[in-house]
Amino acid sequence: QSYTNRVQVYSNVKNLLLTAKGERYMQPEFGTELKYILFENISDERQFIDAIKGDIIDAITTWIPYVGITRLEVNINMTEDGRVDDPSHAVGIFLELKITGTNIYLPIQIFISDTGNLRIQEAQN
């Protein structure tokens, strides 16, 4: 159960980002392809980052239209992304959302490992 808007939005975003497209019955377009983008044949860094950003933006604007994306950063340089505690991750993503009609901001960190595992957590302010 969620008791606040912030907790509910976080839960909805986490559910959306952790669901692979085609995984949800009767809604094959629900979710993202974040787990699979790592293994696509992409030749340059910019194209890779754009694919990740595009997937996140499309999913959130389609399925959670009551939040706006205020910041979205993708970092693939493991020495500069602030994750010295877990070097097994290949991609670090920072996502900040704002709940429409409120002053509630929700910072989220997403980590994708080199094996395609996703970990999502609320970022500390």
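Strand β3 (residues 105–113) and strand β4 (residues 118–122) run antiparallel and are joined by five bridges. The model is a predicted one. Within this pair, Gln-109 has Gln-121 of β4 as its bridge partner. Four residues lie between the strands of the β3 and β4 hairpin. In this hairpin, Gly-116 adopts a positive phi near 95°.

Along the sequence, the elements of the protein chain follow the pattern α-α-α-β-β-β-β. The protein chain has 125 residues, of which 37% are buried. Its accessible surface comes to about 7500 Å². Carbon and sulfur atoms contribute 48% of that surface. Among contacts in the protein chain with a separation of 6 or more, 45% are between residues 24 or more positions apart.

Helix α3 spans residues 45–63 and has 19 residues. From its first C-alpha to its last, α3 reaches 27 Å. This is close to the 27 Å expected at 1.5 Å a residue. Several residues of α3 are buried: Phe-48, Ile-49, Ile-52, Asp-55, Ile-56, Ala-59 and Ile-60. These residues lie on the same side of α3, because they cover an arc of only 130° around the axis. The face turned away from this buried side carries Asp-58 and Thr-62, which are exposed.

The loop between α1 (5–18) and α2 (34–37) contains Thr-19. Thr-19 is buried, because its relative accessible area of 9% falls under the 20% cut-off. Beyond residues up to four places away in sequence, Thr-19 touches Phe-30, Gly-31 and Thr-32.

Met-26 also lies in the loop between α1 and α2. Most residues other than glycine have a negative phi. Met-26 is not a glycine, yet its phi is positive, at about 70°. A positive phi also occurs in the β3 and β4 hairpin, at Gly-116.

Methods. Residues are numbered from 1 along each chain as its sequence is written. This is a predicted model: local features need pLDDT of at least 70, side-chain atom pairs count only at pLDDT 80 or more; totals for chains, interfaces and linings use all residues. Side-chain values use heavy atoms; hydrogens and water are left out. Two strands pair if DSSP finds at least two bridges between them. Helices (H or I, at least four residues) and strands (E, at least two) are DSSP runs, numbered from the N terminus. Buried means under 20% relative accessible area, exposed over 50%, partly exposed in between (1.4 Å probe, protein chains only). Contact means heavy atoms within 4.5 Å. Accessible areas come from the Shrake-Rupley method with a 1.4 Å probe; for residues, only the protein chains shown count as cover. The expected span of a helix is 1.5 Å times one less than its number of residues. The arc is that of the directions from the helix axis to the C-beta atoms.
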